[in-house]
Every structure is written in structure tokens, then in C-alpha cells.
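Take a look at the structure below. This report walks through some of its local features, then its strands, and then the ligand.

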Amino acid sequence: VTDLQESECDVLIVGAGPAGLMMATWMARCGINARIVDKRSTKIFSGQADGLQSRSLEIFDSFGFADRARKEANHMLEASQNPDEEGKLRRSDRVPDAIVGLSRFTQIVLHQGRIERFFLDNIKKHSKDSLHVERAVLPESLSIDEDACDNHSKDNYPLKVQLRHLTEEEATPAQSNGPTVQDGLFRSNLADDDTDDLIAQSRANAGSTEIVRAKYMVGCDGAHSWTRRQIGFQLEGEPTDYIWGVLDIIPITDFPDIRMRCAVHSASSGSLMVIPRENKLVRLYIQLTEIKPDASGRADRSKITPDTIIKAAQKILAPYKLTYEYCDWWTAYQIGQRVGKNFDYRSRVFLAGDAVHTHSPKAGQGMNVSMQDAFNLGWKLALVVQGIAQSSILKTYQSERRRIAQDLIAFDHKFSRLFSGRPAKDVLDESGVSMAEFKDAFVKGNMFASGLSVDYGASMLVAKPGDSAAQGDGTDVSSSSTQIPGKQELAANIKLGMRFPSFQVLNQSDARPWPFQERLKSDGRFRLIVFAGNVLSPTQSARLTSFCDALTSSAFLKPHVHTHIGLLTLHSVKRTETELLRDFPEVLHPFDPKTGWDYDSVFVDDESYHQGHGEAYKNYGVDKETGCVVVTRPDQYVGFVGEVDGEGIQGVEEYFKGVFLS
Ligand code: FAD
């Protein structure tokens with residue numbers, strides 16, 4: 001007999017770091033009954049991750065808070081590499097920090113605490129203040145009704161989780177350096193996990209508990225993931241011997257490139273990376289060559305202090321001088337590169353972020369990839385919970401994200417070795433790192449590091465020709481047999497499986513220029529983007545009309561149009577020669593009896609008054625006469641490309657039959 005309080009929720013999120021908060025943002029945006037718990041009593045206030053790549057900013061923008069991050073952050077525009085080929089400290093090159101023209105956002109740096117703040121504000125706004133991070137709360141048991149897992153109907157809650165509520169004192173981690181300077185050692189991989197101790201201590205104190213019955217659970221509980229342990233999954237991979245210290249300081253120095261991202265390889269004292277930050281702060285990643293792992297394979301963290309770290313930095317930067325008066329945060333970690341074999345248990349319990357992949361922080365990827373895991377999963381869970389999409393789409397989470405994690409580990413492996421090794425003395429010095437190789441990896445790595453090279457494989461969500469088994473993890477995510485492969489040739493630069501790129505377009509009704517991608521808000525809806533082409537040509541106008549007629553008369557699609565599939569149109573004729581109400585079928589700019597016509601859905605590829613011409617058709621690789629139609633998923637990845645005609649509408653219909661329930 002138990003008198004524990006019992007409640008139900010659709011999605012239980014464990015951990016409120018970047019991955020958990022991204023998941024909660026989707027839940028709030030889509031109106032899902034979710035809960036999010038974190039064992040710590042407070043959010044992060046300083047330190048931890050700080051680099052935001054272009055794709056993460058596009059995602060923030062789709063939720064409506066990229067502008068906040070950009071305003072507060074330091075913008076990284078130039079990178080320099082040191083030293084020269086002879087190993088002497090000398091600026092060897094200067095390059096743009098990000099590949100020019102890839103995204104409307106360049107990389108920025110801002111500490112994780114602020115980023116978490118933006119998420120929290122957004123969650124509050126969209127959930128109408130009903131979804132909050134429940135702090136000092138953690139799960140202590142999970143039981144799964146195995147017989148009920150495959151039944152995704154709305155009244156089925158196969159997960160039973162006991163939650164434990166901690167006191168403020170129990171949930172506040174001790175700082176090894178006293179209260180003045182925050183350190184991140186308690187979160188570092190050099191620290192043991194304290195989850196079991198917290199549970200044991202709270203049990204001894206007779207703390208309170210409750211039962212939650214959930215449909216789905218997402219473990220966003222970091223590298224030591226409790227959730228991962230419960231479902232018996234492990235990460236595969238190795239720790240390395242490289243130990244690194246991290247200092248967030250306001251540096252006092254004569255080193256000329258201190259406000260630029262740069263990598264410094266000293267001849268024999270190790271390497272250092274400079275990341276200029278907001279408010280005059282600089283983050284230094286410093287290799288601690290004098291600290292080695294012991295027989296257990298792990299380094300003794302008590303030997304590492306801000307003083308040991310700055311001394312190592314001074315050696316690497318010599319003959320330049322480096323000191324500081326203000327330290328904001330510091331930590332140390334040992335590089336380990338591991339990835340999980342499984343990202344979900346029976347499409348009921350999922351793992352995201354560090355819970356399922358760990359690697360060094362230097363390449364600035366962890367927070368970004370962790371958020372993007374949850375960005376991939378969140379809308380899928382929301383659509384399944386709402387009874388809109390088939391539960392089989394949940395399988396694409398693993399098939400899409402595991403490959404990204406593997407790529408990340410491979411990238412990190414290469415980058416860490418190049419970064420941690422000493423510079424080669426000459427071409428015969430095989431154990432040294434060639435500076436030419438380092439520079440090459442740095443430049444190539446920029447594409448990967450931007451987050452824009454993500455290319456999801458064929459599945460019911462990406463109608464590209466190809467065998468989903470080729471994704472290498474055995475997950476069956478094949479589309480329904482009738483799904484029609486997209487015609488990539490109709491839109492050469494809108495790649496199936498990749499995110500929809502952005503070029504400037506104008507609003508047909510008011511001439512305002514917009515980056516087109518900005519119109520693809522993350523609101524849980526797919527988008528049908530009609531590249532209407534030359535709408536003044538009678539032939540093209542007839543094709544457009546018949547496509548729109550078929551769209552509105554399709555018994556399958558009709559109930560989803562506008563509700564689950566938003567419509568956007570981009571035409572290629574001069575704006576001043578076309579009229580919204582005359583030249584475009586009504587479904588493209590629907591009439592609402594209370595608010596009138598929709599003026600925000602039809603756009604044109606034309607010259608703007610103040611910001612030039614976006615040349616969108618040319619840049620997207622779409623024919624200006626005949627156009628095409630593109631389906632994007634709620635996360636802006638491209639699912640289907642077809643013609644603006646009867647065959648195209650059939651392709652669109654078959655695509656959605658493979659995704660929606662009815
Ligand atoms: P975490 O951020 O680890 O969050 C996990 C959350 O779960 C925590 O809030 C924790 O309290 C909670 N939790 C844990 N266990 C439980 C439990 N049992 N019950 C309830 N709650 C629990 N990444 C970048 O992209 N760019 C960078 O520049 C960068 N720099 C870094 C610098 C340092 C020094 C470090 C240590 C990391 C850096 N990273 C960086 C990596 C980045 O911090 C992580 O990859 C990212 O935070 C992972 O996010 P997450 O949400 O998966 O996990």
C-alpha cells in the first residue's frame with residue numbers, strides 16, 4: 001500500500017541543461033503536458049559551454065530569441081593560428097572564423113547561463129507560465145510496462161517514475177574554491193557522479209517522493225546519465241590522457257591576438273586556445289602537460305587549481321606576458337570520446353545530449369549538438385502525443401542523430417589529436433603535428449562546426465532515394481512503399497535531408513525584405529513552400545491553380561492544410577506587376593472572417609528598396625518559370641521536392657501519408 005501522490009504527464013524530461021531546455025521549449029511551443037526536473041537547486045550562472053554555432057542561432061531564431069543571444073554575445077569573426085612552421089610563436093595566418101555565405105548568422109560566444117535564461121523565458125511565455133523547471137527533484141526509480149510499450153494510444157502511460165524532492169542544501173553542489181569564484185569541477189568528467197549519494201542522503205533524511213506516470217521520458221541528464229543506467233545502455237569509446245584546464249578571466253597581457261579565436265601550439269609546453277568572450281572576458285583552454293592520469297586512468301582533480309592552470313598558460317604563451325585580477329569561472333577535464341549504441345528504448349525512453357555522447361569541449365560542439373538532438377526529437381514526440389503523426393517517426397531520432405554523434409566523435413578525435421600534440425619539428429618528425437595539417441583541419445572543421453553540414457538519410461521524413469539501412473544502425477525507418485522520392489534536380493540547392501537555406505525575399509503585400517528561412521518558425525507545423533515561378537504566364541498560372549485545387553480537394557491533405565502544414569509561396573515575377581488577390585489562389589493567402597486576408601504568406605524574389613536583390617531563385621537553384629514545391633519538416637529540414645502540378649501533389653500527399661495518422 002502506498003499513499004504517495006500520483007500524477008500523469010505525457011513527457012517527463014530529466015535534466016535542465018541545454019538538451020533538456022530545448023526539449024521543454026518544444027513541449028511549451030506545442031502545448032504538451034510535460035514536466036522537467038533537475039537535481040540541482042539552481043541554474044548555471046557562469047562558465048560551462050559558451051560557443052553558439054550558426055545552426056544553433058538559426059534554431060533560436062525559429063523560436064524567437066536569437067536576437068537576445070546576438071545582442072549580449074561576443075561575435076567571433078576572425079581566427080588566427082599560431083605559431084609558424086618552425087614552432088616559434090608568431091601569427092601564421094588570419095582567416096574568417098566561419099565559412100562566408102553559409103548562414104545569416106556567424107558564430108558567437110556567450111556563457112551557458114545566459115542561454116539557459118533565454119530558454120527559460122521562452123518556455124514561460126509559450127506554456128503561459130505552466131511549465132517550470134522543477135529544481136532539486138530527481139528520479140529514483142523507473143519501471144516500464146513492457147507489454148504496453150507498443151501501444152501509443154492516448155490513454156496509455158507505460159512508464160512509472162518515482163521522483164524524489166531534495167532540500168536546497170542537499171541539491172547545492174560544494175565549490176572546491178570557496179564561494180567567491182565559481183568552478184565547474186562538480187560537473188566535470190574528473191568528478192564522480194553524486195546522483196546515488198543525493199538519493200541515499202535524502203532517503204536517510206526521510207525526504208518527500210511522488211509517483212509520475214508518463215508516456216515518454218527523455219534523459220537529458222548529462223554525461224553520467226541516471227536514465228541511461230536504468231535502461232542498461234552504455235557509451236562506447238575511450239578516455240584519453242589529455243588533461244585540460246579552463247579559465248574564464250579578464251586577461252592582462254601583451255599577446256596581440258587575445259581578442260581573436262586562436263590556437264597556440266608551443267614547441268614543448270603544450271597548447272592553448274583563446275576564445276574571446278563578452279564583457280572583456282577571455283576563455284583559455286589550456287593543456288596541462290604536467291598532470292597525468294593515475295593507474296585508475298583518471299587524473300587527481302585536487303592537484304588542479306586556477307594557479308596551476310595560469311602557470312601552464314604563461315609557459316605556452318612565453319615570451320608574451322599573461323596575468324589576471326578577475327577570474328569568473330574555471331574547471332578542468334579529461335578528454336573522453338564516447339557515443340551510445342542506442343538512443344532510445346522501445347520509442348519510450350530517449351537519451352539526448354551528453355547522456356548519449358561525450359567528447360572534448362574545445363571544438364565548441366557539445367552544447368550545440370546536445371540542443372540539436374532535442375530539437376530533432378521534440379517535435380516528433382509532440383506530434384505523436386497529439387495523435388497527429390505515426391509513432392514510427394520516433395525511430396528516426398536514433399537513425400538521424402546517432403550518425404551525427406559518430407561524426408562528432410570522429411571530428412573531435414582528429415581535432416583533439418592535432419590540438420594536443422606538439423608541433424612537428426620537420427616533415428620527418430612523425431610523432432609531431434604538422435601545422436599545415438592543423439590549419440587544413442581547422443578550415444575544413446569549420447563546415448562541420450557550423451552545424452550546417454547535417455544531412456539526414458532517407459526515411460519516411462526524408463523522401464530521398466536511398467536505403468535507410470545504409471545509415472548503419474539497423475533501425476528500420478523506411479517510408480511507406482508508396483512514398484515518391486523527391487526530385488532534387490528541381491531545386492539544386494535545397495537539399496533533401498538538409499536544413500532549408502536562407503536568402504532574402506520580399507513580402508508581396510508590403511515590400512519588406514525577409515531572410516526566407518525566418519518565415520519557417522518552429523511552431524510544430526510542416527511547411528509546404530510553393531515556388532510558384534512565373535505566375536503571369538498562362539501555362540504556369542494554370543499549373544499553379546490545378547496544384548492548389550488538388551491540394552484543397554484532397555480528402556487526406558485538406559484537414560491538415562494550415563493546421564499542421566503551413567503554406568508559404570515565393571514567386572519570381574516583379575512585385576509591382578502582380579496582385580495578391582488576383583494572381584494567387586486563395587489557399588496561398590487564406591481569408592479569415594475576423595482578420596481578413598493573410599498578408600504574410602506570399603513572397604517574391606525581387607529587388608528591395610534598401611537592401612538589394614536576394615536572387616533567391618538563382619541561389620536556391622530553382623527554375624524561375626516553372627518553380628517547384630518543397631516540404632520542410634517542423635525542424636526546417638527538407639523532406640520532399642516535387643513539381644507544381646498533379647504529379648507534385650501526389651508526391652506531397654504520399655509523403656504526408658507516410659507521416660500522419662490519418
Ligand atoms: P548537461 O549540460 O550536463 O546538463 C545535464 C543536466 O542534468 C544538469 O543540469 C544536471 O544537474 C542534471 N542532472 C544530472 N543528473 C540528473 C539526475 N539524475 N536527475 C535530475 N537531473 C540530473 N559545448 C559547446 O557547444 N560549446 C562550448 O564552448 C563548450 N564548452 C564547454 C566547456 C566546458 C568547460 C565544459 C565542461 C563543457 C563545454 N561544452 C561546450 C559542452 C557542454 O557544456 C555540454 O556538451 C552540454 O552542456 C551538454 O548539455 P546536456 O543538456 O546534454 O547536459
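S347 sits in the loop between β18 (344–345) and β19 (349–351). The model is predicted. In it, S347 has a positive phi of about 55°, although this residue is not a glycine. Is S347 buried or exposed? S347 counts as buried, because its relative accessibility is 7% and the cut-off for buried is under 20%.

K128 also has a positive phi, of about 50°, and is not a glycine. K128 belongs to the loop between α4 and β8 (133–135). Its relative accessibility is 71%, so K128 counts as exposed. The cut-off for exposed is over 50%.

## A cis peptide bond

Where is the cis peptide bond? A318 and P319 are joined by it, with omega at about 15°. P319 is found in the loop between α8 (306–317) and β17.

D121 is part of helix α4, which covers residues 112–126. With a relative accessibility of 27%, D121 counts as partly exposed. Now compare D121 with T25. The two are 96 residues apart in sequence. In space, their C-alpha atoms are 9.6 Å apart.

I250 gives another such pair. This residue lies in strand β13 (residues 235–253). I250 counts as partly exposed, because its relative accessibility is 28%. How far apart are I250 and E325 in sequence and in space? They are 75 residues apart in sequence and 7.1 Å apart from C-alpha to C-alpha.

## Strand β1 and its partners

Strand β1 (residues 6–14) runs parallel to strand β12 (residues 208–219), and 8 bridges join them. C9 stands opposite A214 in β12. Strand β2 (residues 34–38) also runs parallel to β1, joined by 4 bridges. Here V14 stands opposite V37 in β2.

## A sheet of three strands

β3, β7 and β4 form an open sheet in the order β3-β7-β4. The pairing is antiparallel. Which strands are at the edges? They are β3 (51–52) and β4 (74–75), and each pairs on one side only.

H75 stands opposite I108 in β7.

## A covered strand, β28

How many residues of strand β28 (residues 628–632) are buried? The count is 5 of 5, so the strand is mostly covered. C628, V630 and T632 point one way from β28. V629 and V631 point the other way. All of these residues are buried.

β28 has antiparallel partners. With strand β23 (residues 526–533), β28 pairs over 5 bridges. R527 stands opposite T632 there. With strand β29 (residues 638–642), β28 pairs over 4 bridges. The bridge partner of V629 in β29 is G642. β28 and β29 form a hairpin with 5 residues between them. Q636, in the turn, has a positive phi of about 75°.

## Around the ligand

There are 36 residues around the ligand. A19, D38, D50, D354 and M367 come nearest. By class, the shell has 14 nonpolar, 14 polar and 8 charged residues.

An N or O atom in the side chain of D354 is 2.8 Å from an oxygen atom of the ligand. A backbone N or O atom of K39 lies 3.1 Å from a ligand nitrogen atom. For G51, a backbone N or O atom lies 3.2 Å from a ligand oxygen atom. On its own, the ligand has 990 Å² of accessible area, and the protein covers 93% of that.

## Elements and domains of the shell

Which elements give two or more residues to the shell around the ligand? They are α1 (18–30), β9 (137–144), β16 (282–287), β17 (322–340) and α9 (366–385). The largest share, 4 residues, comes from α9.

Why does the ligand lie between two domains? Domain 1 (6–73 + 107–237 + 336–449) gives residues to the shell, and domain 2 (238–334) does too, so the ligand lies between them.

Key. Residues numbered from 1 in each chain as written. Predicted model: local features only at pLDDT ≥ 70, side-chain atom pairs only at ≥ 80, totals over all residues. Heavy atoms only, no water. Near = heavy atom within 4 Å. Polar contact = N/O pair within 3.5 Å; in protein donor to acceptor, adjacent residues only side chain to side chain. Areas by Shrake-Rupley, 256 points an atom, 1.4 Å probe, with all protein chains shown as cover. Nonpolar A, V, L, I, M, F, W, Y, C, P; charged D, E, K, R; others polar. Domains from an automatic or database assignment. Buried < 20%, exposed > 50% of the residue type's maximum accessible area, 1.4 Å probe, protein only. Pairing = 2+ DSSP bridges.
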